[in-house]
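Work through these exercises with the model on screen. Try each task before you read its solution.

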Amino acid sequence: MIRMSEGNESFSADARWDLHCHTQFSDGTHTPTELVRQAKESGLQGVAITDHDTYAGWDEVAQASRRYRFPVIRGSEITAYDRRTSVHMLAYLYDPNNETVIDMFATTRQARLKRTRSMVESMAQDYPISWEAVLAQVGEGDRTTVGRPHIADALVHAGVYGNRSQAFAGICSSDSPYYIPTPSPSTHEVIRCVHAAGGVVVIAHAGAVARNPELLSDEQIETLISEGLDGLEIWHRDNSSEQRERLSQIAVKHGLIMTGGSDWHGKGKPNRLGENAASGIVASEIVNRGCIPLLP
Ligand SMILES: [Zn+2]
Ligand SMILES: [Zn+2]
């Protein structure tokens, strides 16, 4: 059933939507305003903002959507785990004021802060670094999640390394004895919390072989489908063609939404805005299921 799409060319089968984009509110290099401007200029019919583990860019993207009269779906890309696999989940059009979703983000944030602090404390036994010195490297204050990049910057500031890359090759690496994995909610919790907030959940790049030594199995994905998973991101540069085939079969079998997106990061990655776009029909399905409206 297509409610919003009737008579709207943004939702036609020919319309092209980029449903996976990052801005400065996570690890992209551009502002949400720049995202909207570039999406419009590149000839897309709509775009989604999906910064990592945050909705902090939603206010700015709403202003830009109105200013450029360009359709925007608000979303986030939430990092989760499922057994030994790290899973990225695109959450669209959920109510950011819902307490369940606020608690989920707050719990993750506190656990990550504690994790970063523990890493710094163990490094401080052997290197000239302190928690205060790490906090001094945080630019956006409360809106930034303190993590390894800030530890690396503090080590550079203290003269231990010449630059951030050297620090990441050194004691900031995931092989380092000081490393503690990033705490994340489970895939099951993400589905429960985002649905409680009226949103739509799509697993991002589930066939990205290079990102994970162990991909989600069919059985793991089917468990998530039984818990209400809405869709799978099929068209993404990191999904191999065999994986696209596998994921498409699962999606068709269970009637899931099949999405696509560029995973644009501005200058941060080679991904071009609009590559692997989804059709307007896919966008309308997300809009129909979500609990907050499409912008503008
Ligand atoms: Zn991702
Ligand atoms: Zn992404």
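**Exercise 1. Find the strands that helix α10 lies across, and give its angle to β7.**

Solution. Start at helix α10, residues 280–289. It lies across β1 (16–18), β3 (72–82), β4, β5, β7 and β8. Its direction is about 120 degrees to β7. Helices (H or I, at least four residues) and strands (E, at least two) are DSSP runs, numbered from the N terminus. Contact means heavy atoms within 4.5 Å. Axes are lines fitted to C-alpha atoms, for helices over the stretch in contact, and angles run from 0 to 180 degrees between N-to-C directions. Now take helix α9 (residues 241–254), which lies across β6 (231–235) and β7. Helix α9 runs at about 145 degrees to β6.

Some ground rules apply throughout. This is a predicted model: local features need pLDDT of at least 70, side-chain atom pairs count only at pLDDT 80 or more, and totals for chains, interfaces and linings use all residues. Residues are numbered from 1 along each chain as its sequence is written, chains are lettered from A and ligands numbered from 1 in the order in which they are written, and side-chain values use heavy atoms, leaving out hydrogens and water.

**Exercise 2. Trace the sheet: in what order do its strands come?**

Solution. Eight strands form an open sheet. The order is β7-β6-β5-β4-β3-β2-β1-β8, with mixed pairing. Two strands pair if DSSP finds at least two bridges between them.

Next, check single pairs.
- β1 and β2 run parallel, joined by two bridges; Trp17 stands opposite Gly46 in β2.
- β2 and β3 are also parallel, over six bridges; Val47 faces Val72 in β3.
- β4 (residues 85–92) and β5 (residues 200–203) are antiparallel, over four bridges; Ala91 stands opposite Val201 in β5.

Finally, look at how covered β2 (residues 46–52) is: six of its seven residues are buried. Buried means under 20% relative accessible area, exposed over 50%, partly exposed in between (1.4 Å probe, protein chains only).

**Exercise 3. Which residues are the protein donors of the zinc ion (ligand 2)?**

Solution. List the atoms: His20 (NE2), His22 (NE2), Glu77 (OE) and Asp263 (OD), lying 2.1 Å from the ion. Donors are N, O and S atoms within 2.8 Å of the metal (3.2 Å for Na, K and Ca); water is not among the atoms, so sites may look incomplete. Along the chain, the donors follow the spacing H-x1-H-x54-E-x185-D. Both His20 and His22 are buried. Glu77 bridges this zinc ion (ligand 2) and the zinc ion (ligand 1), 3.5 Å apart.

Then judge the geometry. The four donor atoms subtend angles of 83 to 177 degrees, so the arrangement is irregular. Four donors count as tetrahedral if all angles lie between 85 and 135 degrees; four count as square planar and six as octahedral if opposite donors are over 155 degrees apart and all others between 65 and 115; anything else is irregular.

**Exercise 4. Is Asp59 buried or exposed?**

Solution. Locate Asp59 in helix α2 (residues 58–68). Its relative accessible area is 63%, so Asp59 is exposed.

**Exercise 5. Name the buried residues of helix α7 (residues 187–196).**

Solution. They are Thr187, Val190, Ile191, Cys193 and Val194. These pack against β3, β4, α3 (99–124), β5 and α8 (218–226). Just after α7, Gly198 takes a positive phi of about 75 degrees.
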